[in-house]
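Let us learn to read this model, one feature at a time.

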Amino acid sequence: MTHAVRAARRAGVHALHHLTVLTGILAFPLVLLTRKAGVRLPMGSIVSRIHDAYERVVDAANE
């Protein structure tokens, strides 16, 4: 992979990570309401997956 492609991928994953966290924060009231109704939304697992991908990209960039 070229440097430009790695930088673009890192920036894309970084942006996706932050957008996912923001979505989780904004959806928090909805998550609480649905949890009271007995429905569980998978926001934690989605944020965790994106965070893991972000960590892999950052680790690969530091090598």
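Q: Which classes of residue make up the lining of the largest pocket?

A: Nonpolar means Ala, Val, Leu, Ile, Met, Phe, Trp, Tyr, Cys and Pro; charged means Asp, Glu, Lys and Arg; the others, Gly among them, are polar. Here the lining has five nonpolar, four charged and one polar residue. The model is predicted: local features need pLDDT of at least 70, side-chain atom pairs need 80 or more, and totals for chains, interfaces and linings use all residues. Residues are numbered from 1 along each chain as its sequence is written, and side-chain values use heavy atoms, without hydrogens or water.

Q: How much space lies in the largest pocket?

A: Rolling a probe the size of a water molecule over the atoms shows where empty space is left. The largest pocket holds about 210 Å³. Arg-6, Arg-10, Val-57, Ala-60 and Ala-61 lie nearest its centre, among 10 lining residues.

Q: Which helix gives the largest share of that lining?

A: Helices are DSSP runs (H or I, at least four residues), numbered from the N terminus. Helix 1 gives the largest share, five residues. Helix 2 also supplies at least two.

Q: Why does the end-to-end distance of helix 1 agree with its length?

A: At 1.5 Å a residue, the 34 residues of helix 1 (residues 3–36) should span 50 Å, and the end C-alpha atoms are 48 Å apart, so the two agree.

Q: What comes just after helix 1?

A: Gly-38 is found there, with a positive phi of about 95 degrees.

How values were computed
The expected span of a helix is 1.5 Å times one less than its number of residues. On a 1 Å grid over the protein atoms alone, a cavity is a set of points where a 1.4 Å probe fits but cannot get out, and a pocket is an open set with protein on both sides within 12 Å along at least five of seven lines; lining residues have an atom within 4 Å of a point. Grid points are joined across faces, edges and corners, and a volume is the space filled by probe spheres set on the points.
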